[in-house]
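Please read the following numbered points with the sequence and the coordinates open side by side. They begin with a single side chain and then widen to the fold, the surface and the pocket.

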Amino acid sequence: MGRIKELFRKHKEIILYLIVGVMTTLVCWLSYAGLRLVLDVDNPFWMQVAVVTRWIVGVTFAYVMNRMFVFESKDPNIPAEAAKFVSARITTLLIEMFLMWLIPLCLPQKVFGISKDWIATFACAVIVTILNYVFSKLLVFRKGKEA
């Protein structure tokens, strides 16, 4: 048990970041499920409204949780910090969109029986998670920065 506590202390930020990421995913899915109850997602326009709303809810939740629990930010300029967070998330969204276009172009229809879009989805999830952490750590929630 002592070894587990030591590992947690040593890697606390990354562990909490991954936990918040799982929670954010659940919040996104639940918000989308709720939106499906009130919007006609068979209509492409309302589907996009649901997807954008889900993304906004997810990014807002992720910002609050990362600020409070993962990076324990004390920056008094919350609007500027939040704007940097949203900008970073928009950047990784655009990267993900590009990779979801590019990766399937480079693969056969199936690899080891797995459809290329699922391979791209998994690869993007890993890449975006890493980039979101790096951007949050280095650009948004930098420790010791001037307020």
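1. M47 is partly exposed, because its relative accessible area is 25%, where buried means under 20%, exposed over 50% and partly exposed in between (1.4 Å probe, protein chains only). M47 belongs to helix α3, and, once neighbours within four places in sequence are set aside, M47 is in contact with Y32, D40 and V41, contact meaning heavy atoms within 4.5 Å. The C-alpha atoms of M47 and F85 are separated by 25 Å, the two residues being 38 apart along the chain.

2. On provenance, this is a predicted model, in which local features need pLDDT of at least 70 and side-chain atom pairs count only at pLDDT 80 or more, whereas totals for chains, interfaces and linings use all residues. Residues are numbered from 1 along each chain as its sequence is written, and side-chain values use heavy atoms, with hydrogens and water left out.

3. The protein chain holds 5 helices and 2 strands, helices (H or I, at least four residues) and strands (E, at least two) being DSSP runs numbered from the N terminus. Along the sequence these elements follow the pattern α-α-α-α-β-β-α. The C-alpha atoms fill a box of roughly 45 × 40 × 30 Å, taken along the principal axes. Of the contacts in the protein chain with a separation of 6 or more, 61% are accounted for by residues 24 or more positions apart.

4. Buried residues make up 29% of the 147 residues in the protein chain. The chain exposes about 9,900 Å², and carbon and sulfur atoms supply 72% of that area, accessible areas coming from the Shrake-Rupley method with a 1.4 Å probe, and only the protein chains shown counting as cover for residues. There are 17 positive and 10 negative side chains, and the centres of the two sets lie 7 Å apart; Lys and Arg count as positive and Asp and Glu as negative, while His and the chain ends are not counted, and each charge is placed at NZ of Lys, CZ of Arg, CG of Asp or CD of Glu.

5. Leaving aside neighbours within four places in sequence, N66 is in contact with Y17, V20, F71, E72, F85, R89 and F141. F69 lies in helix α3 as well, which spans residues 44–70, but F69 counts as partly exposed at 42% relative accessibility.

6. E72 has a positive phi of about 45°; E72 sits in the loop between α3 and α4 and is partly exposed, at 36% relative accessibility. F112 has a positive phi of about 55°, lies in the loop between β1 (110–111) and β2 (114–115), and is exposed, with a relative accessible area of 83%.

7. S31 is found in helix α2 and is buried, with a relative accessible area of 18%. Not counting residues up to four places away in sequence, S31 touches R54 and V57. In helix α4, I95 counts as partly exposed at 28% relative accessibility, and the C-alpha atoms of I95 and C124, 29 residues apart along the chain, are separated by 8.7 Å.

8. The largest pocket has a volume of about 1,300 Å³. Its lining comprises 32 residues, of which T25, C28, E96, A125 and V128 lie nearest the centre. The elements that give two or more residues to this lining are α2 (12–38), α3, α4 (78–106) and α5 (116–140). Here a pocket is, on a 1 Å grid over the protein atoms alone, an open set of points where a 1.4 Å probe fits, with protein on both sides within 12 Å along at least five of seven lines, and lining residues have an atom within 4 Å of a point. Grid points are joined across faces, edges and corners, and the volume is the space filled by probe spheres set on the points.
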